[in-house]
Structure formats: C-alpha cells, structure tokens
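Dear colleague,

Please find the structure below, handed over for your review.

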Amino acid sequence: EEDLIEEILRIYGYDKIPAHTLSLEIPEDITPEFIKQEEKLRNGAVACGFDEIISFSFVKEDSWEYNLHPDTFDLKEISIINPPSPDTKYLRQTLLPNLLENAKKTINERGEEVCLFELGKVYSKPKGKYTESRKIAFIFWQKETADFKIFKGKLNAFFDTVNVDLPEFINEVKNIPLSYSYYLKFDNKVMGFGGKIN
C-alpha cells in the first residue's frame, strides 16, 4: 500500500502536495536504551579507527580453541541439534573466533593492517540454563610494528570517546590460549580479557 501511494505521489509531483503541521504530537522516542548504548559504542570504535564486522553466531571447528566461556575460560560446547553444515554446529561464547578468522583473511590477502571490532551476541549455559548477552570485541595487527602499546592506545582512546573510565590491565589470565594475556578490570570487577595470538 505504501509503495503504491509513493509511486502516485512521485508521478503527480511531491511539490504539488501542500505542507501542513502535524495534527498530532510528535511521538516520544521509544528506542530501547541498549540500542542507544550500542550505537554509542559502535560510533566510538569507528572514530578510533576500527572497522566493524558482522558475522554469524557460529564457530568453525578450526577456531574452536578460542571459543572460551567468558567467565571460566572452559571449552564448554553449546551446539544446535540439526546443524545445516559442520561449520554451523557450535554457538560462539566469545566474539574472538570470528574476529580472528576475519583477521587471517586480511593477512592472507597481504593486508598491511587489521583493525576490527564486532558488537554482537554470545551464548552461554551457566547452571544448565541457556543465556545470551551482547558483547564488544576488538582485534589489531600491523605488518611492520604490531606493538601492544599501539593497540592499548586505541583501546584507551575508545574508552575516552565513549566516556568510560580507563580499565586496569591485570596480567596473566589462566586457562586461556593467548600469550601475554590480561584481564580488563573496572571498579575491581573483571569486564573483559585479551592477549596476543602467535
């Protein structure tokens, strides 16, 4: 119906339609708060030089070792019963495996730099109950000077841009397949983790 009306107006001429004030009040903004928050995070990441990727919620078997439960860092699989293919069997518990896969593609295509982020859902099964939550994750690589200080500077710039206090970097996370691993702590609460992939 709307398409038909638009076509008639286009042929008739938009300039011939008289302008008048809306008879009703402008409706209030009912956008959920988490959507506004995600938009702020997304804009902040882009402003700091990161490019966004959007990937499926599945993890391929060759990246399985990075599909860590975000609290315990165990490889507890969450699989679907009838997967359409072997690559869509396991649900992701972190955003790291898919970020890593995209980074590898860029490196294999002789890219000079990888600076990516993803904002999306991850899945877990604490105490036998399935849950989903939304996370943001970053990955960085440079061909010439892949220095952690550059990445940390970009992360700190991101936190500044979105008006979040800078986190504390706590070294060495156990049971994680990353070297130089660390926790990100805000107000004595662990809110993330990271490290170097060899």
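The notes below cover salt bridges, a charged surface patch and the cysteines.

The model is predicted: local features need pLDDT of at least 70, side-chain atom pairs count only at pLDDT 80 or more, and totals for chains, interfaces and linings use all residues. Residues are numbered from 1 along each chain as its sequence is written, and side-chain values use heavy atoms, with hydrogens and water left out.

Salt bridges

The structure holds eight salt bridges (a side-chain nitrogen of Lys or Arg within 4 Å of a carboxyl oxygen of Asp or Glu). Helices and strands are named as DSSP runs (H or I, at least four residues, for helices; E, at least two, for strands), numbered from the N terminus.

Glutamate 38 is buried, at 8% relative accessibility, whereas arginine 134 is partly exposed at 37% (buried means under 20% relative accessible area, exposed over 50%, partly exposed in between, with a 1.4 Å probe and protein chains only).

Arginine 42 pairs with glutamate 52 in a salt bridge, with 3.0 Å between the closest N and O atoms. Here arginine 42 in helix H2 is linked to glutamate 52 in strand E1 (residues 51–52), ten residues apart. Glutamate 52 is partly exposed, at 31% relative accessibility. Glu39, Arg42 and Glu52 are linked in a network of salt bridges.

Within helix H1 (residues 2–12), arginine 10 and glutamate 7 are three residues apart, which means about one helical turn separates them. Their side chains form a salt bridge of 2.9 Å, N to O, and glutamate 7 is partly exposed at 37% relative accessibility.

Which cysteine sulfur is nearest to that of cysteine 48? The structure holds zero disulfides (a disulfide being a pair of cysteine sulfur atoms within 2.5 Å). Cysteine 48 is in no disulfide, and the nearest cysteine sulfur, that of cysteine 115, is 9.0 Å away, too far for a bond. Cysteine 48 is buried, with a relative accessible area of 13%, and cysteine 115 is also buried, at 5%.

Aspartate 3 lies in helix H1 and is exposed, with a relative accessible area of 58%.

Yours sincerely
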